[in-house]
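Please keep the structure open while reading.

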Amino acid sequence: MKELDVILDNGTNEPTDNAQPTVKDESRLTVLSEQFVAAKERKEALDAELKAVKAEIERLDREFSDEMILMEYDSFSRKGKTFFLKSRLFASPKAGCKAGLFSALRKRGYGDMITESVNANTLSSFVKEKREENDGEIPEWLTEVVNTYDKTTIGTRTK
């Protein structure tokens with residue numbers, strides 16, 4: 001990543017406690033916008049690379065475990081690492097059966113497993129909507145039970 005060479009009012013590019021950049025604000029914004037775009041593009045590239053690596057790991061995991069099962073190995077050691085088969089059960093309510101599952105769990109004394117939750121993005125959208133409906137103020141009944149803060153960031157779009 002390129003760094004900005006700014007000549008400070010002390011005649012150097014070495015910062016001091018009171019040195020201020022002499023670059024015009026718009027020039028600084030130009031440099032920051034270019035650095036911002038470069039960082040976002042780098043993040044996108046890294047995200048894509050990470051996604052590809054995760055897919056490769058998943059593929060190799062599947063092939064490796066299938067081969068170990070085929071060869072009837074419970075474990076395999078190589079270069080100081082031991083690889084072993086492990087199994088994990090995943091469960092979720094059948095489509096349209098969430099209420100029935102909750103009822104069945106409660107009936108059999110397992111109701112303490114059930115937790116209510118609200119998705120954070122859904123809650124934020126709801127609070128924003130209520131604020132817009134209430135002349136920019138969050139209704140009191142919500143402020144008593146919800147913490148909020150506004151965060152200002154830079155959005156981008158391509159022309």
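## Aromatic pairs

Five aromatic pairs are counted, where rings of Phe, Tyr and Trp (its six-membered ring) pair if their centres lie within 6.5 Å, with planes under 30 degrees apart taken as stacked, over 60 as edge-to-face and the rest as tilted. One of them joins Phe64 and Phe76 edge-to-face, at 6.2 Å centre to centre and 85° between the planes. This pair links distant parts of the chain, since Phe64 belongs to helix H1 (residues 25–70) and Phe76 to strand S1 (residues 75–78), 12 residues apart; helices (H or I, at least four residues) and strands (E, at least two) are DSSP runs, numbered from the N terminus.

Phe64, with 33% relative accessibility, counts as partly exposed, and Phe76, at 32%, is also partly exposed. Here buried means under 20% relative accessible area, exposed over 50%, and partly exposed in between (1.4 Å probe, protein chains only).

## A pair between two helices

Phe126 and Trp141 form an edge-to-face pair because their ring centres are 6.3 Å apart and their planes lie at 65°. Phe126 sits in helix H3 (residues 120–133) and Trp141 in helix H4 (residues 140–143), so that distant parts of the chain, 15 residues apart, are linked. Phe126 is partly exposed at 31% relative accessibility, whereas Trp141 is exposed at 52%.

## Cluster and basis

Phe64, Tyr73, Phe76 and Phe83 form one aromatic cluster.

The model is predicted, and local features need pLDDT of at least 70, side-chain atom pairs count only at pLDDT 80 or more, and totals for chains, interfaces and linings use all residues. Residues are numbered from 1 along each chain as its sequence is written, and side-chain values use heavy atoms, with hydrogens and water left out.
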